[in-house]
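Here is a short report on one protein model.

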Amino acid sequence: MRYFENPYDDYKGGEAAIDKDKIFQLIEKYVNQILHNKNYKDGDVWLYIGTSGLAYMFLKLHQSEASKVFPDSLQHARVYIEHAKKYISRKEQDKASFLCGNAGIYAVSSIINYEMKNFCGFNDDKKQFLAGSQICKRIVYNSYGSDEILFGRAGYLSGIYWINQNAQNPEGINDIITEICNIMIESGYDYSNRNELSFPLMYECYGDRYLGAAHGICAILHMLLESPLFDGSLEQLDNTQKSIKTCVDMYLETQSQDGNFPCVIEDAGKDEHTLVHWCHGGPGSIYLFGKAYLIFKDEKYLDAAIKIGELVWEKGLLKKGPGICHGVAGNGYVFLILYRLTNDQKYLYRANCFADFLTNEIFVKHARNPDHPLSLYEGVAGAVCYLLDLLEPQKASFPFMDIFERKY
Ligand SMILES: [Zn+2]
């Protein structure tokens, strides 16, 4: 079994009670674990597993209500981002990579400088971030996948959106959104045509046609839905909008009876899919369907999201640790998103159960220690982000995948 049996009773009505003191204690415990570790490898700098991810967590802490309890958060964020910048990659392709590359490091650094009111530093970082946009304009710029969210254009777009949200649409950023979207669309058409696939747009990463949030089409489609392509009236869709919507609908069709989604296109049609992660499977798809629901107002997208919620309630307490990529906190985010979409207290209750499980004896004793136990995507730094969002659920959003705010 990849997951622990869910030991909690389901929601029985009333207002969901959040034990704020307990959550604060857990945040404090995780933050201290991070601060006490001084053994960072020089190369571990990416948002996904490295020091820039820790800087992101401290930045989020600084921007949250909990900042009163952790007054030095912004200073810590600065120390971690300086480490990341010191060991930054010199490879050209890494300039465009977001979660696993330099673009993510410069994006986070820019907002740390912005929060410190160091606008010269902000502009320098923004310039370094924008250097990646030139690389993004090549249809293929790395050998694994130039469109997905970890190193591809979807990740770069998520960075643009995030900078815009945090620095009030700074100059020079918006101009490139449509250009990058157009290249991503061309890349998807081209790949689908060459391989005679039924999805109008399709992509490949590491030689596979992934569907989930990491590596797959679902985060690529999500970033396209966030763009100005879907601004204004959508009564009459143009051909590009139709292609993107058709892909969303075809992906939705692959949802299995239990609410999950296949990892790769070849697994579509199977009765069951084993992975219930943000990276692969239903939990990462909720951002695409949540966004599609907000744009097209079609209940079928919300229904798909609710089914994902039922799946996660049953099979989401993962043994792989506390992280947001393939761990308990990443799956807990499903409930926070559903809470914001529906305002139903049931989801807040469930989100609180997933946070509580992080201190449950079963989890503490038997969960596996991830490869990078303190990191943003695999470790406790991601869990801290989740706990902070549970304290302020009305503005909760998975890192770099907010579906509610305007991005340009
Ligand atoms: Zn994962």
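Asn343 is exposed, with a relative accessibility of 59%. Exposed means over 50% relative accessible area, buried under 20%, and partly exposed in between (1.4 Å probe, protein chains only). Asn343 sits in the loop between α12 (328-342) and α13 (345-357). Its phi is near 65°, a positive value in a residue other than glycine. Most residues other than glycine have a negative phi.

His215 also has a positive phi, near 75°. His215 is in the loop between α7 (175-194) and α8 (217-225). His215 is buried, at 13% relative accessible area. Helices here are DSSP runs (H or I, at least four residues), numbered from the N terminus.

## Basis of the model

The model is predicted: local features need pLDDT of at least 70, side-chain atom pairs need pLDDT 80 or more, and totals for chains, interfaces and linings use all residues. Residues are numbered from 1 along each chain as its sequence is written, and side-chain values use heavy atoms, without hydrogens and water.

## Helix α9

Asp238 caps the N-terminal end of α9. A side-chain oxygen of Asp238 lies 3.1 Å from the backbone nitrogen of Thr240. The buried residues of α9 include Ile244, Cys247, Val248 and Leu252. The buried residues of α9 pack against α7, α8, α10 (282-296) and α11 (299-315); contact means heavy atoms within 4.5 Å.

## Zinc site

Cys279 (SG), Cys325 (SG) and His326 (ND1) coordinate the zinc ion at 2.0 to 2.3 Å. Donors are N, O and S atoms within 2.8 Å of the metal (3.2 Å for Na, K and Ca); water is not among the atoms, so sites may look incomplete. The donor spacing along the chain is C-x45-C-H. Cys325 and His326 are both buried.

Key: Helices (H or I, at least four residues) and strands (E, at least two) are DSSP runs, numbered from the N terminus. A polar contact is a pair of N or O atoms within 3.5 Å; within protein, one must be able to donate a hydrogen and the other to accept it, and residues adjacent in sequence count only if both atoms are side-chain atoms.
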